[in-house]
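I opened a new notebook page for this chain. I will look up one thing at a time and write down what I find.

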Amino acid sequence: MKKLRKKHLLIPVLAFAILFTTTSFKSDFFEIAKQIEIFTTLFKELNMNYVDETNPAELMDSAIKNMLNELDPYTRFLNEQDVEGFKIRNAGEYSGIGALVRSYDDKLLIVEPYKDYPADKAGLKAGDEIIQIGDIMVSDFDDNASELLKGANNTEVTITFNRQGETKTAAIKREGVEVDAVPYYHMVGEKTGYIVLSRFNRKASSQTKSAMQDLKGQGAERLILDLRGNPGGLLSEAINVTNLFVPKGELIVTTKSKVKKFNQEYKTKNQPEDLEIPLVVLVNGSSASASEIVSGGLQDLDRAVVMGARSFGKGLVQRPLKLTYGTQLKVTISRYFTPSGRCIQSLDYWNRDSEGNAVRNSEFKEFKTRNGRIVEDGGGVMPDVEIASTKSNALTDALVQNNVIFDFATDFYYNNTFDSTVDFSFSSSDYNAFKSFTNGKDFSFKTETEKLLEEALNKDDSLLGADVQNKYKDLLLAVNRGKIAALDSYETEISKKLEDEIIKRYFYRDGLYDYNLTHDDAILTAVELLSNSNKYNSILK
C-alpha cells in the first residue's frame with residue numbers, strides 16, 4: 001500500500017509542476033503579445049495622425065535604443081552597417097583607409113593613422129579633422145560618416161580636413177587592412193619574451209602561439225603577456241589563449257543564465273603550448289571581458305602572476321541574435337564565472353542610483369585559487385602586484401575623455417622634433433606647459449564631493465541660512481583648488497598617458513612599444529619579478 005500511495009502522491013506533484021511552468025510561460029507570452037499589440041497600434045496611430053510629417057525609421061530607432069538603455073550598455077540593436085562592423089572586428093580584416101577614427105556630429109577626428117596604410121601614405125596625422133568626404137559634408141550626414149571611408153580595394157576617396165587651423169585635401173586609395181590581435185612582440189633582455197595581445201578577434205590564439213614559438217626560439221625562458229587596454233572580443237579565443245598555458249580539459253569559464261541552454265561550462269580543448277614557462281599577465285582599467293577571462297582564469301589556476309591595476313570588471317556575456325532585414329540584437333545572455341567561481345562584474349545595471357547610473361559593487365566575496373590564495377569577485381580582476389603608474393583616477397579619466405591629453409599631444413608634435421625614441425624626452429617643463437594648457441582649455445569635471453555640495457546649494461532650504469550657504473561656496477572653491485593641485489599629485493600617471501600619446505605621433509605604435517620596453521614601470525617590474533624565481537613562486541604559493 002505504501003508504494004501505491006507514493007505513486008498517487010507523485011502524480012499531483014508532477015501535475016502541479018507542469019501546470020505551474022505552463023501557466024508561467026503562457027503568462028509571460030500573453031504579456032509580451034499584449035505589449036507588442038499596444039505598441040503596434042500606438043506607432044501606427046502616431047504616424048498617421050501626428051500634426052507634422054514623421055520619420056517612422058528614426059522614431060523606431062529611437063524607441064528601440066531608449067528601451068535597451070534601460071538594461072545594460074552591451075545589449076544593443078545592430079542595423080545592417082553595425083552588423084558588418086561587428087563582423088570586421090571579429091575577423092580582423094576590412095577595406096578602408098587604415099586609421100582609427102572618432103566620429104562627431106560635424107567632423108571625423110583622426111585618432112591614429114596605421115603605419116604604411118592609405119591614410120598614412122596620404123600624409124594624414126592624428127588630430128586631423130575630416131569635414132568632407134567626396135561631395136558629402138560630415139555635418140550633413142545623419143549616420144556615422146566613418147562608413148564613407150570604407151569601400152572596395154583600390155577605390156579612391158577624396159577628403160577635406162582641417163589641420164592646425166588650415167584646410168587641406170587628400171586623395172586616398174582604399175586597400176585591405178589587417179587588424180592584428182598581436183601587433184607586437186619582442187625580447188626584453190636575453191631570457192624574457194614580451195607579447196602585446198590587443199584584441200580577441202579570430203587571430204588571437206594563433207598569433208599569440210606563433211609569437212610564443214618565435215620568442216622561445218630566440219631564447220625566451222619566461223614570458224610577459226600584455227593585456228592592458230584590451231577591450232575583449234570572442235569568448236572562444238579567450239579560452240584558446242588560456243589553453244596555451246594550461247592542460248587540455250581544464251575548466252576556464254562557467255556561464256549562468258535564466259535560459260537553460262546558455263548555462264555552459266567552457267573547458268580547454270587543445271594540447272597546451274607550454275605548461276611550465278613562468279608567466280606575468282599585465283592588466284589595467286581598460287582590460288575587459290575576454291581579457292579578464294584570461295587573466296582571471298590564469299590567476300585562479302595559479303598559472304600566472306597578474307600585475308598592473310584592477311581590470312574593468314565586465315562579467316557579462318553577449319550573443320548576437322538575427323532579426324529581420326539583416327539586423328541583429330546583441331543581447332546579454334548570461335554572467336560568466338572564473339574557475340574559482342567568482343563573477344568579476346563591477347557595475348550593477350539592475351540597481352541604479354537616483355540619477356539613473358549603475359551602482360558600483362562595493363561588497364566583495366572571497367574565493368580561493370587552486371593553491372588556496374584569496375581572490376575577490378565583483379570588481380574586476382585585482383592584480384597580485386599593483387603598479388601605481390597603471391592606475392586610473394577621476395582626473396586622468398576626465399583628461400582623456402575630454403581630449404585634453406590628445407589635443408596637447410597634437411600641439412606638442414607640431415612644435416617639437418625628435419629623430420628616434422632614444423632622443424625622446426618629456427621634461428618637467430613640458431609637464432608645466434601641459435598644466436597651463438589644461439587651465440586654458442574649457443575643461444571641467446565634477447568630483448562626487450562637488451556634486452553633493454552643489455546639490456545642497458541648489459536646494460531652497462531657508463533653515464540653512466546665508467552663513468551656511470557661504471560656507472558651502474567656500475568648500476566648493478577649496479575643492480576646485482584641490483583639483484588643480486591634483487595635476488601635481490598625479491603627475492606620474494598623467495605624464496605616462498602624455499608620453500604614450502605623443503610618442504605615437506612621431507614613431508607610430510611600434511615606436512611606443514619599443515620605448516616601453518625600457519621605460520614602462522609595469523614591464524620593468526615584470527622582468528625583475530620573472531628573473532627572481534623564488535619571489536615569483538612565493539606569490540603563487
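**Entry: a covered helix.** I began with α7 and listed its buried residues: Ala 290, Ser 291, Glu 292, Ile 293, Val 294, Ser 295, Gly 296, Gly 297, Leu 298, Gln 299 and Asp 300. The helix spans residues 290–300, and eleven of its eleven residues are buried. I noted that the model is predicted. Then I stepped just past the end of α7. There, Asp 302 takes a positive phi of about 55 degrees.

**Entry: the whole chain.** I stepped back for an overview. I found 15 helices and 23 strands in the chain. The chain has 541 residues, and 44% of them count as buried. I also checked how far along the sequence the contacts reach. Among contacts with a separation of 6 or more, 67% join residues 24 or more positions apart.

**Entry: nonpolar cores.** Which residues have the most contacts inside the largest nonpolar core? I found Leu 197, Phe 200, Leu 225 and Leu 279, in a core of 62 residues. A second core is separate and has 23 residues. Ile 405, Phe 408, Phe 424 and Phe 434 are included in that second core.

**Entry: around Phe 200.** I picked Phe 200 and left out residues up to four places away in sequence. Its contacts include Leu 227, Asn 230, Gly 232, Gly 233, Leu 234, Glu 237, Ala 238 and Val 241. Phe 200 also touches Ala 290, Ser 291 and Val 294.

Entry: I turned to α13 (residues 491–519) and α14 (residues 521–530). Their axes come within 6 Å and cross at roughly 55 degrees. The two helices are therefore oblique to each other. The crossing is right-handed. Which residues meet there? From α13, I listed Asn 516, Leu 517, Thr 518 and His 519. From α14, I listed Asp 521, Ile 523 and Leu 524. By class, this contact has three nonpolar, three polar and one charged residues.

**Entry: positive phi in loops.** Most residues other than glycine have a negative phi. I looked up two that depart from this. Gln 164 has a phi near 50 degrees. I located Gln 164 in the loop between β7 (156–163) and β8 (166–173). Asn 403 has a phi near 65 degrees. Asn 403 sits in the loop between α8 (394–401) and α9 (404–415). Is each one buried, exposed or partly exposed? Gln 164 has 48% relative accessibility, so it counts as partly exposed. Asn 403 has 11% relative accessibility, so it counts as buried.

**Entry: a glycine in a loop.** My last stop was Gly 98, in the loop between β2 (93–96) and β3 (99–103). Its relative accessibility is 0%, so Gly 98 counts as buried. What is Gly 98 in contact with, leaving aside neighbours within four places in sequence? I found Pro 113, Tyr 114, Tyr 117, Ala 119 and Val 177. I also checked the distance from Gly 98 to Lys 115. They are 17 residues apart in sequence and 8.4 Å apart in space, C-alpha to C-alpha.

Methods: Residues are numbered from 1 along each chain as its sequence is written. This is a predicted model: local features need pLDDT of at least 70, side-chain atom pairs count only at pLDDT 80 or more; totals for chains, interfaces and linings use all residues. Side-chain values use heavy atoms; hydrogens and water are left out. Axes are lines fitted to C-alpha atoms, for helices over the stretch in contact, and angles run from 0 to 180 degrees between N-to-C directions. Helices (H or I, at least four residues) and strands (E, at least two) are DSSP runs, numbered from the N terminus. Angles under 35 degrees count as roughly parallel, over 145 as roughly antiparallel, 65 to 115 as roughly perpendicular and the rest as oblique. A crossing is left-handed if the near helix is turned anticlockwise from the far one by less than a right angle, and right-handed if clockwise. Contact means heavy atoms within 4.5 Å. Ala, Val, Leu, Ile, Met, Phe, Trp, Tyr, Cys and Pro count as nonpolar, Asp, Glu, Lys and Arg as charged, and the others, Gly among them, as polar. A nonpolar core is a set of buried Ala, Val, Leu, Ile, Met, Phe, Trp, Tyr and Cys residues joined through side-chain atoms within 4.5 Å. Buried means under 20% relative accessible area, exposed over 50%, partly exposed in between (1.4 Å probe, protein chains only).
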